[in-house]
Amino acid sequence: MTTYLIRRVLGIIPVLLGVTFMVFAINRIVPSNPAVAILGDKGTVESQRQLAEELGLNKPVFFDVEGYRSSGRFGRLFDSQYFTYMGELLTGNLGKSFMTRAPVTDSLKVRFPATMELAIFSIIIGSVLGIVLGVVAALRRGTWVDTGMLFIAVSGVSFPVFWTAIVLIYLFSVQLGWFPPAGRLNVTSTLQPVTGLFVIDTLLRGQYKMFLDSLHHLVLPAFALGTHAMALIMRMTRSSMLDVLRRDYVRTASSKGVPPLVVVMKHAFRNALVPVITVMGLSFGSLLSGAILVEAIFNWPGVGSWIFNAITQRDYPVIQGGVLFVAAVFIVLNMLVDLSYVLIDPRIRY
Amino acid sequence: MRRFLRNRSGVIGLAIVLFFTVTTLLAPVLRPYNAGTDRNLAKRLKPPSAEHVLGTDELGRDVLTRVWHGGRVSLSVSLLVVGFSALLGTALGVLAAIMRGWLDLSLSWFIDILLAFPGILLAIAIVAALGASLTNALVAISIMGIPGYYRVMRSAIIGLRDLEFVQAAEALGSSKLRVALKHLLPNALSPLIVQVTLAIGRTVLAIASLGFLGLGAQPPTPEWGLMIKAGYSQFLTAPWLSIAPGFAIYLAVLGFNMLGDAIRDHFDPQLRT
């Protein structure tokens with residue numbers, strides 16, 4: 001077990017290295033000089049040269065062979081764009097926004113909890129609905145209930161998430177007025193963040209009204225973001241339940257006279273859970289990329305809307321830092337999902 | 001074939017796909033449209049009526065016509081994307097499986113890196129760097145699709161490469177390329193077909209998402225995601241602008257997904273979900 005744990009944790013290092021290299025490479029294949037792109041038409045040749053120097057773009061891409069030869073110092077070899085970038089990355093420096101000049105890391109610290117809160121609620125909504133509907137479909141296999149559930153499941157992965165968000169706002173905010181269309185709290189309320197998760201912070205500060213308000217703001221965006229996950233979880237629950245319900249131990253339990261509900265919940269459902277957890281973990285990761293679209297529409301101040309705005313403003317350091325960060329979170333999440341199998345299914349031993 | 005026709009949702013999916021294929025192919029004949037010049041400012045933002053079934057947009061263009069022609073963009077780009085990524089992913093997957101060793105290791109490492117970017121994140125990063133255009137979106141989404149084919153084909157070929165008929169061909173002196181093309185690939189086609197059909201729906205969604213982000217097609221191209229983006233700013237006064245293209249996306253993706261599921265069930269009854 002310990003060896004597996006260590007191997008799995010060390011195994012993410014080459015992938016993380018590759019991801020950082022990929023993001024670096026993508027930003028170096030830009031056909032135009034970034035300094036020119038940032039300054040636009042306003043830039044003079046001199047200001048472009050200055051900015052390029054500030055951004056380290058005048059350095060060689062990988063190895064400064066010239067610098068090494070002329071100075072004779074081995075360290076000079078690594079005075080390049082790539083190694084500077086990696087050095088900065090290891091010290092947690094992701095550069096500064098072109099627009100606001102604020103360090104990317106600082107904005108991430110403020111915005112990530114908002115995205116986490118949204119993603120957690122989405123996965124809760126998606127899992128609860130998906131598992132319940134999936135179990136119901138499996139128990140009613142072949143009936144119209146099952147057919148209806150399968151249609152919901154295939155529809156759920158067919159909606160464009162940004163469109164679902166728009167339609168939900170139109171129906172439930174504009175027409176019915178049930179839920180707020182944007183933001184995390186009423187504009188008049190002020191909250192001193194502790195964890196950055198407003199649902200928890202409001203409770204910590206004893207602001208119960210604000211707690212309900214933050215939940216109220218979460219419903220629509222979390223549902224919009226969670227539909228895709230719900231559909232995937234529902235399908236996986238259904239097929240996994242169908243598989244388990246056929247097993248001998250389920251038949252044995254039933255024939256021993258164990259009540260049907262206990263058979264379903266204790267014997268079947270627990271054993272059907274492992275593949276469902278995999279899908280939940282993977283969906284949680286893709287929620288982070290769906291958040292770019294959903295957060296922008298609900299004006300949710302998370303990492304997603306931040307990347308969205310950066311795209312429209314061509315704020316490269318923010319896009320680069322944001323993408324890198326989301327990918328890193330995704331890699332770590334996948335690892336945690338793998339490790340969680342041991343806790344859920346005692347038959348799995350590494 | 002008869003077994004396939006008994007799958008009701010597969011038949012519905014096939015009908016939807018055929019509907020989109022026929023209507024988009026016939027669009028220039030049935031409803032000629034020029035994205036650059038067809039506008040009528042006297043008829044701006046008119047709600048749906050008998051004359052304009054889905055209303056008109058901010059330049060007085062008929063929304064139905066634009067959604068209709070938007071299908072041409074979405075479907076043709078999706079087919080190109082699926083073609084490119086299937087070709088590249090399959091080639092790399094087969095290569096990794098037959099060459100084994102360090103080539104397999106490094107290719108698989110590369111694929112793991114691509115998979116470390118959730119959803120359309122990698123495509124966003126690529127297009128943001130290359131510059132927003134439909135061509136760049138096509139390239140980016142094609143790259144994003146490679147891992148799926150790579151994994152499916154690599155494991156299919158690994159399952160085949162040590163079987164006797166392959167060894168026999170090798171013993172007779174066939175080159176690795178010949179063995180791969182003549183003996184391995186034809187026997188691994190069904191997982192490939194399943195992967196391709198299931199990928200089309202996802203690709204339509206990815207193209208629309210990039211369009212909505214402003215990273216795909218550029219105005220005045222009638223592309224579904226871009227149309228939702230344009231309509232979204234006038235959502236309160238003219239909801240039909242974003243509802244119509246969104247529903248078109250949903251219907252097209254639904255059709256491809258239902259068809260894809262049916263094809264998967266057909267080729268691989270074990271996997272039925």
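## Basis of the model

Buried area is the accessible area (1.4 Å probe) that two parts lose on being put together, summed over both. The model is predicted: local features need pLDDT of at least 70, side-chain atom pairs count only at pLDDT 80 or more, and totals for chains, interfaces and linings use all residues. Residues are numbered from 1 along each chain as its sequence is written, chains are lettered from A and ligands numbered from 1 in the order in which they are written, and side-chain values use heavy atoms, with hydrogens and water left out.

## Interface between chains A and B

Between chain B and chain A, about 3900 Å² is buried, and carbon and sulfur atoms give 79% of this area. Contact (heavy atoms within 4.5 Å) involves 44 residues of chain B and 42 residues of chain A.

There is 1 salt bridge between chain B and chain A, a salt bridge being a side-chain nitrogen of Lys or Arg within 4 Å of a carboxyl oxygen of Asp or Glu. B:Asp261 pairs in this way with A:Arg235, with 3.0 Å between the closest N and O atoms. On the side of chain B that touches chain A, at least two residues each come from helices H4 (101-115), H5 (121-130), H9 (189-212), H10 (224-232) and H11 (240-267) of chain B; helices are DSSP runs (H or I, at least four residues), numbered from the N terminus. The largest share, 12 residues, is supplied by H11(B). By class, this side of chain B has 34 nonpolar, 6 polar and 4 charged residues. Here Ala, Val, Leu, Ile, Met, Phe, Trp, Tyr, Cys and Pro count as nonpolar, Asp, Glu, Lys and Arg as charged, and the others, Gly among them, as polar.

## Enclosed cavities

A cavity is a set of points on a 1 Å grid over the protein atoms alone where a 1.4 Å probe fits but cannot get out, and its lining residues have an atom within 4 Å of a point. Grid points are joined across faces, edges and corners, and a volume is the space filled by probe spheres set on the points. The count is 2 cavities of 30 Å³ or more.

The largest cavity has a volume of about 60 Å³. Residues of both chains line this cavity, including A:Asn27, A:Gln320 and B:Ala125. H14(A) gives the most to this lining, with 4 residues. The second largest cavity holds about 50 Å³ of space, and A:Phe112, A:Thr115 and A:Gly304 are among its lining residues. That lining has 6 nonpolar, 2 polar and no charged residues.

Technical notes
On a 1 Å grid over the protein atoms alone, a cavity is a set of points where a 1.4 Å probe fits but cannot get out, and a pocket is an open set with protein on both sides within 12 Å along at least five of seven lines; lining residues have an atom within 4 Å of a point.
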